[in-house]
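Student: I've got a model open and I'd like to learn how to read it feature by feature. Can we go through it together?

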Amino acid sequence: MSVSRRALLLGSVASVGLAGCDGIIASGGANNSAQGSAGSLLESKLDLPGRFKVPLPIPPVLSPVRTDGTTDYYEITQKVAQAQILPGVSTTVWGYNGIFPGPTLVSRAGRRTVVTHRNELPVPVSVHLHGGKVAPQHDGYPADLIMGTGPHSGHMGTMTTGPRDYVYDLDQPAATLWYHDHRMDFTGPQVYRGLAGFHLIKDDLEESLRLPSGDRDIPLMIADRAFEADGSFRYPSVDPSLTSTPGVTRDYVSGVLGDCILVNGAPWPVLEVEAARYRFRILNASNARRYSLTLDSGANFVQIGSDLGLLERPISRKKIEIAQAERYDVIVDFSGFRPGQQITMRNGNGRGGTADVMRFVVARTGSDDSRIPDKLAAREQLSPNQAVTSRQIVFARGGAEAHGMTLWTVNGKPFSEDYIVARPKLGTVEKWTIRALNVEHPFHIHLAGFQIMDGAQQGWKDTVNLDNGGSVDLLVKFAGFRGKYVLHCHNLEHEDMMMMANFEVV
Ligand code: C2O
Ligand code: CU
């Protein structure tokens with residue numbers, strides 16, 4: 001039976017007997033889409049603040065604790081802390097160094113980066129550098145855990161108790177990467193509580209282009225959240241202690257959509273700009289929400305980069321459709337605006353509060369010697385002739401059940417550490433056809449970069465969005481390391497509910 005046919009047979013039941021998965025997914029639970037995203041809206045229990053009042057925070061850049069001829073060494077402690085996200089309200093966050101977003105790491109292409117993570121959270125964690133070309137033992141495999149301070153019931157996988165080093169060779173071009181939690185079964189709630197930050201890679205080529213830099217190169221992490229009356233993050237975990245039963249309550253199995261839009265951890269913030277060009281590295285770090293971003297007042301996005309670095313040429317876009325985990329590196333030119341003018345970034349998929357994202361206010365004129373060159377970077381172009389194999393990957397709900405629950409699956413199978421969906425050869429290119437059923441799904445693959453066939457202008461990517469019923473052909477290049485990695489849906493509720501599979505580069 002073909003893979004796609006098997007996945008289509010949603011009623012077919014494979015008994016998978018997943019330990020610890022009782023009560024995760026009730027069959028017949030919501031398969032709904034709201035505001036252009038798979039998921040259900042979770043409303044805050046307190047009054048949300050007015051829009052465009054809070055200044056945009058910029059996450060601090062982390063300094064290395066030491067450097068030598070080849071390597072920069074960093075230290076991060078994951079801990080519980082209080083943050084003031086909503087004015088006058090205190091919110092408990094789980095943060096890298098206690099802040100949300102975490103500190104920004106800035107690495108130089110070709111230099112090694114070592115990050116020592118200490119875990120003072122009550123639960124296990126795993127750190128993944130999303131978009132990084134990283135050796136398998138440093139990739140943040142979901143079962144490769146740093147144990148927390150709390151009690152734990154023996155989890156499968158590897159457990160480190162003390163601090164642990166993640167070693168990143170970063171033999172890859174300048175790009176906007178991000179790091180986030182990847183703990184088996186609990187990635188959704190742990191990222192939601194704050195475990196996400198930027199990791200930028202810079203290189204000489206990018207610097208020679210004279211793109212906007214310094215104070216005019218700003219990362220924007222967009223993430224939706226809901227709040228409880230006491231100011232804590234609201235999330236429908238079956239077990240809010242995140243120690244035993246994974247998953248969310250029945251109404252949210254398609255995804256958790258918050259009603260408050262945060263940018264860099266602030267609600268609908270405002271940024272004062274000079275009348276000049278700015279570079280914004282836009283990341284959608286939401287669990288389930290997709291955005292259709294526009295600027296009003298006649299401003300445009302000029303896209304210069306994608307998930308894995310610079311495009312060949314800049315592309316002007318009125319609208320940016322950004323799924324979870326995707327990055328759009330853009331330039332916005334405010335030089336045609338007068339001091340006092342406002343430009344608002346909106347979300348065409350949202351309604352009410354979620355239709356607004358943030359605002360720019362032109363504060364003053366400013367000199368500007370930046371450019372947007374016609375040619376950005378010469379990147380390798382993959383051709384279908386290079387593909388040595390074709391494969392199909394189907395993301396769907398069903399094909400497997402456990403204890404009366406329907407799971408989200410890859411090719412009809414729920415995640416298990418032993419199931420390998422593909423064994424590509426190191427150094428080869430393959431053609432992968434990805435299909436999405438039941439609802440929207442963003443496909444993400446670790447280690448390997450890909451190009452979308454018939455989507456040349458999108459550059460090198462690691463995440464691609466699929467609409468419900470959609471399909472996309474990718475040329476995927478497996479380079480860098482041999483070993484076992486994961487691919488998964490970046491709707492984090494789907495990922496936690498088994499929409500993940502291993503592939504092994506051989
Ligand atoms: Cu951004 Cu496997 O994740
Ligand atoms: Cu999905």
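Predicted model: local features only at pLDDT ≥ 70, side-chain atom pairs only at ≥ 80, totals over all residues.

Student: Then how many bridges join strand 22 and strand 25, and is the pairing parallel or antiparallel?

Tutor: The general idea is that strands of a sheet pair through backbone hydrogen bonds, in either a parallel or an antiparallel way. Here, strand 22 (residues 291-295) runs antiparallel to strand 25, with 4 bridges between them. For a spot to look at, find Thr294: its opposite number in strand 25 is Lys319.

Student: What sheet do these strands belong to, and in which order do its strands lie?

Tutor: An open sheet of 5 strands, ordered 20-28-27-22-25, with mixed pairing. At its edges you'll find strand 20 (270-275) and strand 25 (319-322), each of which pairs on one side only. Ignoring direction, neighbouring strands in this sheet are turned by 25° against each other on average.

Student: On to the metal. Which residues coordinate the copper ion (ligand 2)?

Tutor: To read a metal site, start with the donor atoms, then ask where they sit in the chain. The copper ion (ligand 2) is held by ND1 of His441, SG of Cys489 and ND1 of His494, at 2.0 to 2.1 Å. The donor residues follow the spacing H-x47-C-x4-H in sequence. His441 in strand 33 (residues 441-445) and Cys489 in strand 37 (residues 483-489) are 48 residues apart, so that pair links distant parts of the chain.

Student: Are His441 and Cys489 buried or exposed?

Tutor: The cut-off for buried is under 20% relative accessible area. His441 is buried because its relative accessible area is 0%, and Cys489 counts as buried because its value is also 0%.

Student: While we're on cysteines, how many disulfides are there in the whole structure?

Tutor: A search of the whole structure turns up 0 disulfides. As for Cys260, its relative accessible area is 0%, so Cys260 is buried.

Key. Residues numbered from 1 in each chain as written. Chains lettered and ligands numbered in written order. Heavy atoms only, no water. Donors = N, O, S within 2.8 Å, 3.2 Å for Na, K, Ca; no water. Helix = DSSP H or I, 4+ residues; strand = E, 2+ residues; numbered from the N terminus. Buried < 20%, exposed > 50% of the residue type's maximum accessible area, 1.4 Å probe, protein only. Pairing = 2+ DSSP bridges. Axes fitted to C-alpha atoms, helices over the stretch in contact; angles between N-to-C directions. Disulfide = S-S within 2.5 Å.
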